[in-house]
Each structure stands twice: as C-alpha cells, then as structure tokens.
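Work through the exercises below with the structure open beside the text. Each one sets a task and then goes through a solution step by step.

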Amino acid sequence: MRSARHIYIFGPLALIFALLPSASAHRLDECLQAARLDLTPDRFTLELDLTPGIQTADAFLSRIDLDRNGQVSGVEADAYGDLVRAAIQLRLDGRRLGLTVDDVTMPPPEEIRSGAGNVRIRLTTKVPALRAGPHRVAVRNRHQPVASVYLANALLPDTPQIEIIRQQRDRLQRNLEVQFLVRR
Amino acid sequence: MIHSRSTIRFHPRLVAGLASLLASAIVLGPISAPAQVSPSSAESRPAGPGPLAAAAARAADAFIATLDDRQRARVQFAFDDEAQRKNWSNLPTGIYQRKGLRLGELTPAQRAAALALLAATLSKSGYEKVWGIMEGDQVLPKPAGNIIFGRDEYYLSFLGKPSATEPWSIQFGGHHLALNLTLAGRRGTLAPSHTAAQPARFELQGKTIRPLGRENDLAFELINNLGAAERQHAILGAKFRDLVLGPGHDGRMIAPEGVSASTFNAHQKQLLLDLIREWVGIVGDDAAAPKMAEVQAGLNETRFAWSGPTTQGSAAYFRIQGPAVFIEYAPQTLGGDPTQHIHTIYRDPTNEYGKRDRKP
C-alpha cells in the first residue's frame with residue numbers, strides 16, 4: 001500500500017540552479033544509490049536514497065519527467081518508484097518476495113541538478129512467519145538510471161528477536177546478503 | 001487515487017537556496033585575515049581547570065555582548081528547536097543554507113569573540129583541526145556562481161541560553177564542518193559532528209597542513225598492526241565510496257561489522273582508543289575524558305572495519321562502531337585524488353545531541 005508521495009514543483013527557478021558550476025563538494029558524474037535494509041519479524045523495509053551527480057542529473061531526470069514539462073507529477077513519481085521496484089529483487093531463504101512502493105520523496109529538479117538532491121524510495125514486503133533459527137535475505141539492485149555507485153547495509157534491528165550475523169556484498173554493493181537469526 | 005494522497009510542497013532547501021542567493025547578493029564582503037584563526041591562537045585560549053560548560057557559557061556571553069539586537073535574535077534559538085538542531089550539512093552555501101551568524105558578517109571584535117568561544121570549548125588539538133578544515137576550505141579553488149565557501153562562510157548559533165548548569169547547544173559549521181556541542185552542567189557531547197577536509201593536505205606559510213592527518217595515520221597504523229586473522233575479519237570485501245550514516249541520517253544505526261576489538265592486544269587497543277580520541281577529543285577534556293572512559297568500557301564490544309588498500313598513503317574507508325561510538329572515515333572520489341578529499345562522521349548511538357545528558 002502506498003502511503004504517501006512527496007512531490008515538488010519547479011519552474012523558472014531552474015535557471016538559477018542551472019547556473020551553478022560544478023563544485024567539488026558534491027557528486028559529479030555518478031549517482032549514489034544508498035540502500036538500507038530494515039528487518040522486523042513481520043516486515044522488511046528497503047529504503048533507497050538516490051543522489052545523482054551534477055553531470056548526470058539531466059539524464060537522471062529524463063527518466064522521471066516523462067512528459068518533459070519541467071515538473072515531476074505524482075504520476076511520474078509513482079512511475080519512477082515502480083521502475084525502481086521492478087529493478088530490485090528481494091529473496092528470503094531463496095524465495096522471492098514481492099515488494100511494494102510505500103513512499104517516494106522527490107526533491108525539486110533544481111536541487112537534483114545541484115548534486116544535492118536526494119530521491120528517497122521506500123519499498124516494503126510482508127514477511128511470512130519466520131521460524132526461530134538462521135535465515136538469509138538477499139537484495140539485488142539492478143537499477144542504474146545513470147552511472148552509479150552503491151552502498152548497501154542492514155540497519156541494526158530494533159527488536160532482540162532478530163540478530164544480524166553477517167553481511168556479504170559484491171564489490172560494487174549491488175548485491176547484499178544478510179544472514180540473521182530469529183529468536184522466539 | 002494515488003494522487004489524492006500525494007503531498008505537493010516546496011522543498012526547504014529550495015526556499016533556503018533562494019534566501020541564500022538573495023543574501024549573497026547583499027552581504028558579500030571582503031575576506032578577513034587568516035591570522036584570526038591559527039594554532040597559536042589556540043595556545044592562548046583560556047587556561048586553567050574548570051567545568052567546560054561554565055567556561056563555554058562565559059565565552060558565549062562575552063560573544064553575545066558584542067552583538068546588536070538583530071544579531072542576537074539571529075544567533076539564538078530555542079533549545080527545543082529540533083529543525084535548527086538538525087540544520088547542518090557537509091555542503092557549501094548555495095546548495096545548503098545554514099542559520100545563525102556568519103563569520104564573514106561579523107566585525108573583527110565580534111569575530112574574535114566567536115573564535116574565543118571555540119577556543120574555550122574545544123581542546124587545543126580540536127581547535128587546530130577546526131582551523132585546518134577552515135583554512136583548507138579557504139585555499140580550495142572557488143567556483144564562479146552561487147556556491148560559496150571559505151573561512152568566512154561558517155555559521156555560529158546557540159540552542160538555549162548559555163549556562164554552566166542547564167542544557168544548551170553550540171552549533172558551528174559550514175562546508176566540510178559541523179560541530180554540534182551539547183552541554184548540560186558537567187556533561188557534554190559533540191555527537192553528531194561532521195569533519196571533512198579538502199584539500200586534506202596543503203601548504204600554508206611553508207607548513208604542511210593535514211587537518212585529518214592523525215586520523216588517517218593512526219588508522220593505517222592500526223590496520224597494519226593487526227595479525228592476518230584479525231585483518232581478514234576487519235576488511236570488508238566491498239568498496240565504500242561514501243559515508244553510510246553521514247549528514248541527514250540522524251536516528252539510524254547500521255549493523256556492526258569488522259573485527260572485534262576484544263581480539264586486540266594492548267597496543268592495538270591503545271591505537272584504537274587514540275584513533276577514536278581524534279573525534280571525541282575535539283571538545284575540551286571536561287567532556288572528552290568521561291566520554292573516552294565510556295568508550296574504553298565498551299571497547300571489547302567495539303568493531304573496526306576497513307575497505308580499501310592497507311598501504312599508508314592510499315585511500316581507504318574505515319568504520320569504528322561500539323556501544324557508545326560510531327565513526328566513519330570515507331575518502332571521496334570527487335575532485336580527483338580521493339586522499340585529498342575526506343569526509344568523516346562521529347555519532348553516539350546512546351547520546352545524539354546530548355539526548356541522554358538532557359534528562360534530569
């Protein structure tokens with residue numbers, strides 16, 4: 001169930017930000033995709049922050065602003081959330097679980113063009129009752145709107161019922177496997 | 001309908017960016033002399049023992065006394081102003097707008113009082129680190145346009161009234177620096193704070209300045225001091241190109257990874273403590289010493305993780321995570337040489353913004 005969409009209006013102000021030069025303070029030619037996986041006994045949440053660099057921002061926005069009208073509508077934000085969801089696989093003990101887009105937060109395109117804009121997409125899945133003992137959850141991120149660098153981490157669980165044992169990633173952090181223990 | 005539940009709003013940064021653009025057109029002034037912030041100034045900071053909060057409150061009151069009414073209104077925020085508490089970033093003005101008083105708009109006497117407050121609050125090494133970060137920001141080539149940074153572009157603000165006994169906070173930050181110091185009587189914390197450097201190594205008046213040099217050197221010393229088994233546990237297979245819990249990630253904590261310090265010998269443990277002290281010890285000893293004692297008490301539950309080459313001089317990410325401390329050090333590829341552009345974060349999972357200390 002989608003709980004909310006945060007979208008932003010932009011227009012003439014784009015010109016101001018378009019004049020910003022490339023600064024050394026922020027990302028330039030790549031998009032940072034930072035994924036955080038939160039495990040609870042009945043729900044897994046994957047929060048993905050996408051921060052495109054200045055030089056990739058226009059290409060990145062072209063994947064979102066489909067009608068090229070200079071605004072990101074709710075429909076377009078939803079569509080982008082679905083695009084990301086389709087590119088991410090989550091498996092629990094080898095079995096694929098369906099993900100739902102729970103929330104999309106879209107900053108103004110001007111901010112994205114500045115290299116500081118952070119698109120946040122929250123994906124969730126309900127988890128079947130987990131038996132006590134060891135489990136594995138694997139996340140594959142195949143979303144690459146532009147050249148990307150990745151971070152993938154499990155959050156420290158809020159509950160003592162779940163203990164993270166080990167995290168394994170591929171070198172680029174597009175794949176994350178988390179071994180965890182369920183206590184009942 | 002999905003869109004009946006959509007929220008359309010102007011992003012705060014957009015509004016702030018506009019304010020910055022207007023402000024920069026009005027208040028840009030000449031850059032003041034670097035001599036106002038120097039290691040030698042740190043040596044002349046108020047000496048003698050005494051609770052940090054009392055010294056800080058005296059220095060803050062002295063600074064406030066130099067301000068006019070309009071400036072006082074801008075520097076002072078309510079202690080429970082959570083929006084201002086979290087209003088910090090690694091980014092420069094033009095992309096991110098801070099509140100408070102900007103060093104560049106202060107008179108020489110006001111600026112000296114502001115820096116005296118830092119000197120009264122920070123340790124000597126902490127003050128030198130801050131000075132080095134600001135000087136590095138000054139020598140970093142400036143782009144044309146609205147992105148502004150340099151030693152004038154740091155902001156000072158207070159949450160709550162300066163006090164020797166009651167909780168209050170000092171915020172000082174700009175590009176590549178965010179100090180959030182919360183004091184509550186004899187207790188104090190600098191968490192969360194962000195230090196960074198670009199360039200991370202530069203020449204100034206014939207001296208090589210490395211604001212985060214000790215952090216780098218101690219970390220390489222530690223990783224190279226570990227045995228093969230410990231090092232294997234410490235080194236993560238993946239590349240970490242950025243901070244995981246940098247600015248904007250308050251309230252989150254990731255699962256710990258890396259080698260447990262419980263496997264370290266006494267020398268390795270001391271190296272780790274010395275490394276952690278580079279962040280904890282930015283603040284004066286009255287606050288740093290009890291925090292280091294807390295860190296030491298949890299040392300056997302502390303993990304050290306590494307990503308990248310282990311040869312001194314190369315670019316490597318590392319992370320320290322214990323019951324009451326979280327530190328990341330992440331070289332950035334932006335700007336070419338990643339050893340010349342470092343971001344770090346210091347957090348305290350038990351006491352962010354002095355949350356624990358503020359309880360009666």
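**Exercise 1. Find the volume of the second largest cavity and describe its lining.**

Step 1. The second largest cavity has a volume of about 60 Å³, where a cavity is a set of points, on a 1 Å grid over the protein atoms alone, at which a 1.4 Å probe fits but cannot get out, and a volume is the space filled by probe spheres set on the points, with grid points joined across faces, edges and corners. The model is a predicted one, in which local features need pLDDT of at least 70 and side-chain atom pairs count only at pLDDT 80 or more, while totals for chains, interfaces and linings use all residues. Residues are numbered from 1 along each chain as its sequence is written, chains are lettered from A and ligands numbered from 1 in the order in which they are written, and side-chain values use heavy atoms, with hydrogens and water left out.

Step 2. Lining residues have an atom within 4 Å of a point, and for this cavity they are Ala35(A), Leu46(A), Val139(A), Asn141(A), Leu151(A), Ala152(A), Gln173(A), Arg174(A) and Leu176(A). Two or more of them come from each of β8 (133–141) and β9 (148–154) of chain A, strands being DSSP runs of E with at least two residues and helices runs of H or I with at least four, numbered from the N terminus.

Step 3. Sorted by class, the lining has six nonpolar, two polar and one charged residues; Ala, Val, Leu, Ile, Met, Phe, Trp, Tyr, Cys and Pro count as nonpolar, Asp, Glu, Lys and Arg as charged, and the others, Gly among them, as polar.

**Exercise 2. Characterise the ring pair of Phe60(A) and Tyr80(A).**

Step 1. Rings of Phe, Tyr and Trp (its six-membered ring) pair if their centres lie within 6.5 Å, and planes under 30 degrees apart count as stacked, over 60 as edge-to-face and the rest as tilted. Over all chains there are 12 aromatic pairs.

Step 2. With 5.7 Å from centre to centre and 75 degrees between the planes, Phe60(A) and Tyr80(A) are an edge-to-face pair. The pair links helix α2 (residues 57–62), which holds Phe60(A), to helix α3 (residues 74–86), which holds Tyr80(A), across 20 residues of chain A.

Step 3. Phe60(A) is buried (under 20% relative accessible area, with a 1.4 Å probe and protein chains only), its own value being 0%, and Tyr80(A) is buried at 1%.

**Exercise 3. Which class of pair do Trp306(B) and Phe318(B) form?**

Step 1. The ring centres are 6.0 Å apart and the planes lie at 10 degrees, so Trp306(B) and Phe318(B) are stacked.

Step 2. Trp306(B) lies in strand β12 (residues 303–307) and Phe318(B) in strand β13 (residues 317–322) of chain B, 12 residues apart, and both residues are buried.

Step 3. Ring pairs join Trp306(B) and Phe318(B) with Phe220(B), Trp279(B), Phe304(B) and Tyr329(B) in a cluster.

Terms used: 1 Å grid on protein atoms, 1.4 Å probe; cavity = no way out; pocket = protein on both sides within 12 Å on 5 of 7 lines; lining within 4 Å. Buried < 20%, exposed > 50% of the residue type's maximum accessible area, 1.4 Å probe, protein only.
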